Amino acid sequence: MPNVKPMRYAHSDGFTDVCFNSDGRYILTGGTDGDVRIWKGIEDDDAISHRCGDKTFAVAIKDNRYFAATDTNVIQAYTFPDGGPDGILTRFTAPANHIVVNKAGTTLVAGANDFMIKIVDVESCSTKTIQGHEAPVLSIALDPKEEFLASSSCDGTVRVWKMEDRSQVVSLPVLPKCSDTSLSRTVCRMCWEPDRGQFLYVPVEKEVRALKRGDWSPAYTFTDACFTECVSVVAVSPDGKYLAAGSYDGWIAIFHVDSRSCVDKHRNEKGISISSMAWNPQNNMELVFCDTQGQLGELTDITTEVSTGKKDKDKGVAAGVFDDEDDDFLIEASNSGNISEDDGVRIAKPAVIFSDDDSMPEMPLKAGDDDDDRSSVTSDRSELPPPAPRVEGYRPTPLQRPFQPGSTPQHLTSRFMMWNAVGIIRQYNTDDENSVDIEFHDTSVHHAMHIPNSAGYTIGDFSQEAVLMAAEGDSDTPSKLTCMHFSSWDNTKEWSLPLPDGEEALALCLGEGWVAVATDRRNVRILTVAGIQKEMFTIPGPVVCMAGHTSQLMIVYHRAMGVPGEQCLGVSVLDIKGWRRELNCEPLPLSPTTTLAWLGFSAEGTPFYMDSEGILRMLNRQAAKSWTQIANMRSHAKGKSDHHWIVSIHENPQQIRCIPCKGSRYPATLPRPAPVVLPFQVPLCELNTEKAQYEELLWRTRLLSGHFDVWERQGYEVDENSRAEASKPAQEALMKLFALSARSEREFRALEVCEMMRDPHTVQLAIKYASRMRYMQLANRISEMASRQAEEEQANVDNQMYEDDYSSQVTGVRQAAVSTQEDEVEMEEEPAQLSGPLLATKIREDKQDRPSNPFKSRSNPFKVSTTPSQSPSLTKGTQVFDSLSKKKEKASSSIFSQEIRSPKIVLKKGGQPKLFQKKKDTSKTTTATPAEKSAPTDKPVTPFSLWLEEAGSELRAENPDKDDDDFNKFAADTFRALPKEEKQGYVQRSKELNDRSKENTGGGEDGTENRKRKREIDETGDASKKLRDEDTDTVKKPLGQTANSKLANFAFKGDS
């Protein structure tokens, strides 16, 4: 067994990489804590530590430079051993997993999670890219002759490439497939035979295969019984004679390459998986390794002799029994058989211990000093018992860290703190400068600003009103929130708010007149834009990000632990002004094994988000507030490593404004990137067909024009022209889809298309088209459908009218009660004087009835008439009727017309004015006839009123705590929820009652018209009589007796 130094802590839990420098004096390790540590041997208690990032995934060294792959997706060079940054060699769009450098140190090769392999010239930083893998790259191995390059991937293949033209030589499907490196049970660290590269050693399952150069077939394999799990890491000694293999269950086996036998082995403490190994380039007997818990170990004094059978075992036993140098001659004599007990020497008989009799126990013997741990040697028969089988349990997926939508990672020295539709916030964090630049797209909003970042702001947001930023806290200073309210009319435009101790700001956003900040204590604090703390509530999980628009606040957080490799996120959408939750702790759907990449609102106020696969989804409020995919950003990328970074989204016009990022997920600040506009596209099936294209246009238009209905429900005034213009493509798509279905003789499908038409004019066009194409059955069915829809719409209108009337009556009763009480108080103070709007209206009515100039309505008695047949009395009567009808029309158009004529206020001492007496005609002095009293004045009966008469008492008993308004709304909602058949029954009953009422009132509308005409005649007669009394001076002399008798005879004959 090898000598094992005690394991020691190197990095935090997670994948840890290790390597030696060229002279073997220093050990370099890199781990998930983001540090690279330089050790002067494993016993170094004062290792040099250099910070490289949040996580370090791979490390390599050559001469006076070492290279590290971190979570910043770059390969960074550093000076050795000072650790100073020495330039960025290349960039990926995902973290790199493995780095190798050639012997000369001129070429570096790296493989990353974005499926890419890059070959970099260390001096010039020129890069060549190899593409072909369909999953993240696990490891790479560079041929000593630099002719070939081997790579392994999560797609289950090991591939060999030509370095010259980067073409694929062979692809071997020998590994298990998985979607991510975190789910892989092997890192498949390969290596070449160091001298000539004749063999490529690949760990496959529980063995190591040696692939022969050229035909790439397995020449031989290395395996041992200790491997109960898959072999993960392989490393060959500098002289090429020994091969070390580390497994998933913590075993390290040393093989002799020529004999292909295991010469030594060791198992890691607690059976922890081996993540990396490295031989000392100056000592074949020293091997260092790291495990997945960040521990560093070392094997020395490795056994290099190959066991040759029982003879070697006997030698080992004899050496253990006769360890003293003075007894060497006894060993030789015993082996040669030339010595016996007769010579006075007692000989140990190994045959007694190692006899062929199975009844004797075989006991191993130790040699050497018991105090010397390094000299312990055991027989092969004394191997440790096989380890207990390991049961792999649930491995939780790491939670996505909080981020600010529209910002780039915080570790960058020059980054975008925010880029949205308002402007850009840049942050510079270098040794020479630490500042924040704020730039507005529209300079009329505010001028550009340059702010020193001495407070250490890391996250920010801004709108048309203010700029909001937050700084991290430390042990001495708390986390601080700062707002620059540049739209304020006073002189003090900036305020700051320190958060409570131990509470860090993780996400923030701005709305219309409010700001919100989410902290690591799962608190969401709402403040006004002027700095007043308004509300605070707690979310059920760690926050991921937030977004705000007008009065809407959208929060995304972790709901629970997701299935392996996936996030389980929840979303809530709140209305800050009304404190109404549109979405309450609903799950946020993501693509498989993805994370949230962007969150925000469109310019029209619709929630949108995008995952790391580039799938853009929107909240479809028309479909039960579900999330619908509206675009795939990856389909617009030219390469696999290209992405689009969203800036803003507009529904009208339909635009996705974003920044293309070539070979990266985030844009660089310099040179300034130029935004592009991408279209929306609903992922329907068979989009290459004409039918699917019309369907996609229809549903995309309806999805992106739904914000008009939302605005209308919220009380905003909607421009009907804009709504019609936005829905015009949907109507055109429906007509084209109808025509296509009709031409294809899909009449049932054409009828379904007509049912989706909302405009009656469009339905009429469909009927005309069907008739012209001689599809008469289709035209008849469309007509029936249109009639049925019209009836249903009329029933809904009647119900709505009754609901509105009922609400107005309830409101009127309340207002009348309040005004009555006020009038009673006023009348008690001044009983002889009337006041109020009704009196003013009465006065105006009197003024209207009286002519402004009485001489204008009289005829001139001295004027000679040019038409003798026209009598002055007829002229005068005609003028009166004409003036009365015009005034009547004018009075009927006034909103106070009914209040002027109908209510007659009767005041009594100590009483109240009667506001709701029966309407009477003030122009008549005679009492109404019984027939007129019995004339019905009620409104038509509606289905809702019939249903409310039957079920109103029961609903009121079930909901006694509701007031009239709430009860009215609740009753309306209950009536709408009734089954269609039951609702049609009430509609039919209301029609019958209305028809019966019309018959009883004397011909319905005709009877009403007759009553109106009679009333007009009476009013006209009274008015003419009044005028005749006033104009007695203009009346002519009475006719003679002869004329009177003639007229009487004519009237008698006419009556007979």
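Mentor: The structure holds 29 salt bridges, where a salt bridge is a side-chain nitrogen of Lys or Arg within 4 Å of a carboxyl oxygen of Asp or Glu. Side chains of opposite charge can pair when their charged atoms come close. This is a predicted model, in which local features need pLDDT of at least 70 and side-chain atom pairs count only at pLDDT 80 or more, whereas totals for chains, interfaces and linings use all residues. Residues are numbered from 1 along each chain as its sequence is written, and side-chain values use heavy atoms, with hydrogens and water left out.

Strands (E, at least two residues) and helices (H or I, at least four) are DSSP runs, numbered from the N terminus. Both D143 and R213 are buried; buried means under 20% relative accessible area, exposed over 50%, and partly exposed in between, with a 1.4 Å probe and protein chains only.

R213 also forms a salt bridge with E147, at 2.9 Å, N to O. Because E147 lies in the loop between β15 and β16 and R213 in the loop between β21 and β22, this pair ties together parts that are 66 residues apart in sequence. R213 has a relative accessibility of 15% and therefore counts as buried, while E147, at 39%, counts as partly exposed.

Another salt bridge joins the side chains of R723 and E712 at 2.8 Å, N to O. Here R723 belongs to helix α6 (residues 720–743) and E712 to helix α5 (residues 707–713), so the pair ties together parts that are eleven residues apart in sequence. E712 is partly exposed, its relative accessible area being 42%.

For the surroundings in strand terms, consider β24 (residues 242–247). Six of its six residues are buried, so the strand is largely enclosed by the rest of the structure. Y242, A244 and G246 point one way from β24, and L243, A245 and S247 point the other way. Strand β23 (residues 231–236) runs antiparallel to β24 and is joined to it by five bridges; two strands pair if DSSP finds at least two bridges between them. A235 stands opposite A244. The hairpin of β23 and β24 has five residues between the strands, and G240 there takes a positive phi near 80°.

On the other pairing, five bridges join β24 to the antiparallel strand β25 (residues 251–256), where I252 is the bridge partner of G246. The hairpin of β24 and β25 has three residues between the strands, and G250 in the turn has a positive phi of about 95°.

As for the whole chain, 18 helices and 52 strands are present, and 42% of the 1056 residues count as buried.
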